[in-house]
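Hello,

Here is the structure we talked about handing over. Please open it first, then read my notes below.

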Amino acid sequence: MSSDFYTYQAQTSPHPLGVEVSHARGCFIYDTQNNAYLDFVAGVSATPLGHNHPKIVNAIKAQLDKHLHVMVYGEYIQKSAVDLCKLLAKNLPAPLEKTYLTNSGTEATEGALKLAKRVTGRSEIIAAVNAYHGNTMGSMSVMGYEERKQAFRPLLPNTNFISFNHEDDLKHITSKTACVILETIQGGAGFIEPKNEYLKKVSQRCKEVGALLILDEIQTGIGRTGTLFGFENYNCIPDIIVSGKALGGGLPIGAFTASSAHMDLLMDKPKLGHITTFGGHPLIAASALATLKEVLESDVMPQALEKEILIRKTLVHPLIKEIRGKGLMLALMMVSESVANALILKCHEEKLILFWLLFEPTAVRITPPLTITNAEILKGCKLILNILDTLEA
Ligand code: PMP
């Protein structure tokens, strides 16, 4: 079976972790030898309620019995998708009220960029150094990491970059700018939080020059930082938010949300401004709706902040320079890249799942399911500390 994986399924790197998955429940993934892996990664922030949460599974099964795909996005009224968009609107501040559901995070980024161009009639897009917003051509154009996009040029023209948290760069946002797109907390860059009201200042600058602010909440969204969306922590309301990952509760999704006045422009001149066959798929929307309800109705959001404190208090070690991030979006900043690699690989051997960040080689990702228990956190942290004791700087 594993040789078929390498032979027939396209690979993204020469050294995949290669766990042969049997099943997954709660905070554990089981391989075909019935080893239980404690999950500190949650499918890269995509399973907020752990694996196969009964409420999500039941919602999917109920939808399965009714219907699957029936029509392209936007033509028919499908209850799970409508209810999902409505629940998002109810939990977002004005003017974020209308949501377009897509198939993935990167497609939602594409939709948001197109919407900003359509609203402003401008073409310049500004993004941040070390930003990640997805891997299709438009999203890759706003990826702030040249090494990973060089081979795919030419990309979108008129995309420019500013440094995250550098207020001096705000002058580059001008009346030629259609939009500024930022991650609320920079993910691939090393879980870098906005400082000194940075997002508010970007938002003010955008308003001054008539540009839109897009916040990418694909990783920060759906409770991970202790609030439903990350921007709620930073005193700033964007014009468009992009979400994905955790919203699907374990199924693939993306979404972009804006004011009705803006979003309605995608219907006209040209009509069909963004179209997709499977976006808003009823099964996925049912899963997302159940996920969103549970995140809102349970105590996982306040608990994420308590669990952050527990992790920060427990993971004290000379090889950990700093812990960055917020809630259960945390990155251990190790003293070196080799320590980060050794920690991830040795933990993997001991059946604890950790992972890398895209662009910061000294970082180790800790983004467990929000439902992880304190006992599970302590078990994983103890293993991390034991392994660090065997490593050298
Ligand atoms: N933006 C951010 C901040 C992300 O973390 C990701 C996924 N890692 C994406 C966009 C792209 O989402 P997807 O992989 O679903 O296209």
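There are 0 salt bridges between domain 1 and domain 2. Polar contacts do occur there: 10 residue pairs, both members at pLDDT 80 or more. Bear in mind that this is a predicted model.

Now the layout. Domain 1 is made of two stretches, 2-52 and 299-388, and domain 2 covers 56-297. Their C-alpha centres lie 25 Å apart. Domain 1 brings 31 residues to the contact, and domain 2 brings 36.

How much area is buried between domain 1 and domain 2? The figure is about 2700 Å², and carbon and sulfur atoms give 67% of it. On the domain 1 side, three residues lose the most area to domain 2: Met301, Met329 and Phe359. Together they account for 32% of what that side buries.

Four elements of domain 1 each give two or more residues to the side that touches domain 2. They are the helices α2 (42-45) and α11 (300-314), plus the strands β11 (320-326) and β12 (329-334). By class, this side has 20 nonpolar, 6 polar and 5 charged residues.

Next, the ligand. Which residues surround it? They are Ser104, Gly105, Thr106, Tyr132, His133, Gly134, Glu183, Asp216, Ile218, Gln219 and Lys245.

- Gly105: a polar backbone atom is 2.9 Å from an oxygen atom of the ligand.
- Thr106: a polar backbone atom is 2.8 Å from an oxygen atom of the ligand.
- Tyr132: a backbone N or O atom lies 3.5 Å from a nitrogen atom of the ligand.

Best wishes

Key. Residues numbered from 1 in each chain as written. Predicted model: local features only at pLDDT ≥ 70, side-chain atom pairs only at ≥ 80, totals over all residues. Heavy atoms only, no water. Domains from an automatic or database assignment. Contact = heavy atoms within 4.5 Å. Buried area = accessible area lost by both parts, 1.4 Å probe. Salt bridge = Lys/Arg side-chain N within 4 Å of Asp/Glu carboxyl O. Polar contact = N/O pair within 3.5 Å; in protein donor to acceptor, adjacent residues only side chain to side chain. Nonpolar A, V, L, I, M, F, W, Y, C, P; charged D, E, K, R; others polar. Near = heavy atom within 4 Å.
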